[in-house]
Amino acid sequence: MKRLFILAAACLIASSASAQSLYYQDKSNVDMLRHTISKEVLRNEFVLPQVNGYKVLKCDLHSHTIYSDGNVTPEYRVREAWVDGLDVLAITEHIEYRPSEGKMISYLKGFFPGEPNKPNGNILCDLNVSNKLATAAAAGYGITIIPGAEITRDQNKIGHYNALFVQDVNTIYDPDPAVSMKKAREQGALIMHNHPGWIRKNVDMIDFEKQVYGENLIDGIEIMNGWEFYPPIITRASEKKFFMAANTDIHGTTTMDYVAQGNHRNMTFVLAKDNSLEAVKEALKARRTLAYSLGSLAGEEQLIKDFFMACVKFETFSVDKNGKRTMRMINNTSMNFVLCFGGNPVELRPFTSRNVSVAKDKELVFTVENMWIPGDKKHPTIRLRF
Ligand SMILES: [Zn+2]
Ligand SMILES: [Zn+2]
């Protein structure tokens, strides 16, 4: 008994000591305590399983920094991507619109370079700088940087197009945007059609889109951009064989635009062998992508079903005397799924499970309402027989 008491007393002392150790005395200042919390920045993991033998890379294929019209440095973008749990980030400065640069040049050189959005010889800087700075910063984080650029023309007549995997942004500009795309393509770039519905009345195809689609200059398209979601584009992407993407097009910070409101930033899920540039490019060309934004996921029907079945495991919990089976659905991922069983939607939240019953010899049939597939606002139907 006495021995037990001594043990308990020892535990008490240990626990009070550990509570006090949150602060320690600063040796150089007797009146200052320092907190022991580590300054190490933690990464918020978005947990997903492998799908069809591929890693599911969390990618953002569209971002800006102070080198075009963004508010932060390329180095900040990289740290932010790491904290947000990304594997791959594309830096895609506007080629033709770099207002910060205009201001910097006017300050440094003592003259005002004119309208910064008119590329009339006023772009004096090396347009590869932000890609280089981000790539250097990312090496310490294990994040892959896709060097990119945004071909930025009149949204109503031409539109915006990201050139991804570029070699030299300085040589891409041409007054004819289709020629710009061809120049990027000659460098081995893939071209993504950005925010096809932004500031337009609808997503109907304009003449320039028909032209460049017809010339096979487009590889991918944004289904979601920032807070915008264009459901009809899922069908267009399927018909035209474009990879589907959801990106932030972030100019400010993801903390302000997503995290502070309880959301995760937009991501393009890329199913790739590994996170090398070659493997990511191969996966985009093969269209193994899903577009994730604010809880919704868009993609080709078979791929999105494979993704769902990799995320949610079904185990028999019990079988009653009539053969009615109670199944446990286990979601060990960061995805939230909205399942609809005959008109009743239920949520299968991240890292939770819930039960569902199925009569003897019957299929378990449900739709996943927050997953979107080609068709008129269509959701995939999952049929399972146990
Ligand atoms: Zn744009
Ligand atoms: Zn952009």
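Predicted model: local features only at pLDDT ≥ 70, side-chain atom pairs only at ≥ 80, totals over all residues.
Residues are numbered from 1 along each chain as its sequence is written, and chains are lettered from A and ligands numbered from 1 in the order in which they are written.

At the level of the protein chain, the secondary structure amounts to ten helices and 21 strands (DSSP runs numbered from the N terminus, with helices being H or I of at least four residues and strands E of at least two). Of the 386 residues, 37% are buried; that label needs 20 or more other C-beta atoms within 10 Å of the residue's own, against 12 or fewer for exposed and anything in between for partly exposed, with C-beta atoms placed from the backbone. Among contacts with a separation of 6 or more, 61% link residues 24 or more positions apart (a contact means C-beta atoms, placed from the backbone, within 7 Å).

Helix α2 (residues 74-83) packs on helix α4 (residues 129-138) at an angle of about 40°, the axes being 8 Å apart. Axes here are lines fitted to C-alpha atoms, for helices over the stretch in contact, and angles run from 0 to 180 degrees between N-to-C directions. That angle makes α2 oblique to α4 (under 35 degrees is roughly parallel, over 145 roughly antiparallel, 65 to 115 roughly perpendicular, and the rest oblique). On the α2 side the contact uses P74, E75, R77 and V78, and on the α4 side S130, L133, A134, A137 and A138. As for burial, α2 hides P74, R77, V78, E80, A81 and W82, and their cover includes β3 (55-60), β4 (88-91), α4 and α8 (254-257). Just past the end of α2, G85 adopts a positive phi of about 80°.

Two strands are well wrapped up. In β6 (residues 160-164), five of the five residues are buried: H160, N162 and L164 point one way, Y161 and A163 the other. On pairing (two strands pair if DSSP finds at least two bridges between them), β6 is joined antiparallel to β5 (residues 144-152) by five bridges, with T152 partnered by H160. Strand β7 (residues 190-193) also pairs with β6 in the antiparallel sense, over four bridges, and here A163 meets I191.

Strand β12 (residues 289-293) is likewise buried at five of its five residues, so the rest of the structure largely encloses it. T289, A291 and S293 cover one side, L290 and Y292 the other. Four bridges tie β12 antiparallel to β11 (residues 267-272), including the pair of T268 and A291. β12 and β13 make a hairpin with two residues between them, and L294 in the turn has a positive phi of about 50°.

Finally, an open antiparallel sheet has three strands in the order β14-β15-β18. Its edges are β14 (312-319) and β18 (352-358), each pairing on one side only, and neighbouring strands are turned by 25° against each other on average, direction ignored. Strand β15 (residues 325-331) pairs with β18 over seven antiparallel bridges, and M327 sits opposite V356 in β18.

Definitions and conventions
Contact = placed C-beta atoms within 7 Å.
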